[in-house]
Amino acid sequence: MIPFLALVRKDIKLFLGDRRAVILTLVVPIAIASFFGLIMGGQSGRPKTSGVGIHVVDLDLSPVSREIVRNLQGDANLQVTLSDEIPARQLVRNGKTALAVIIPKGFGDEAGRALFGGGPKPQIGLPHDPSRNMEVSLVKGRLMQPLLPTVTRERVAPHRAATHRAGF
């Protein structure tokens, strides 16, 4: 073990004696990483994400649809703008936004019936720019994530309140 430590000590002395090796090994990588960090991440240490711009149209105005809109607005990866249907479709058509999320009238009731009663599945309209499929996939995932818990909560909560009042 002692011969090994003697070799390590000798190599460290040789390394620290070579100023060019120390600079290339320690200083240059730190300088390069700092430069790229400054360019890419800003100075705050917390990168600011711009988010995917989407327009949301809520034609239903039910508790379910309002909860969906709230979840989308609270997502840091999305920049949500509430809009009317025709302007939202026009913005997508003109390439000004990646997609529009259009929640149709009666969505909340139909979603609850489809989930618990086997009714037809309601469809959320997603007109989108076909050249921006990656952004569309992100928004679809963010949209589907809270959908099942929201519909379930809204469908079960009124029944719970009615049973509680009846004394069951």
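Residues count from 1 along each chain as its sequence is written. Because the model is predicted, local features need pLDDT of at least 70 and side-chain atom pairs pLDDT 80 or more, while totals for chains, interfaces and linings use all residues, and side-chain values use heavy atoms, leaving out hydrogens and water.

Let's start with the sheet. Three strands form an open sheet in the order β2-β1-β3, with parallel pairing. Strands here are DSSP E runs of at least two residues, and helices are H or I runs of at least four, numbered from the N terminus; two strands pair if DSSP finds at least two bridges between them. At the edges sit β2 and β3, each pairing on one side only. From one strand to the next, the twist averages 30°. β1 and β2 share five bridges, and His55 has Thr81 in β2 as its bridge partner.

| Strand | Residues |
|---|---|
| β1 | 52–58 |
| β2 | 78–82 |
| β3 | 99–103 |

Helix α4 (residues 85–93) lies across β1 and β3, at about 155° to β3. Angles run from 0 to 180 degrees between N-to-C directions of axes fitted to C-alpha atoms, for helices over the stretch in contact, and contact means heavy atoms within 4.5 Å.

Now the largest pocket, with about 360 Å³ of space. A pocket is an open set of points on a 1 Å grid over the protein atoms alone where a 1.4 Å probe fits, with protein on both sides within 12 Å along at least five of seven lines; lining residues have an atom within 4 Å of a point. The lining has 15 residues, and α5 gives the most, four.

α4 is highest, at a mean of 92, and α7 lowest, at 60.

Methods:
Points joined across faces, edges and corners; volume = space filled by probe spheres on them. pLDDT = per-residue confidence, 0-100.
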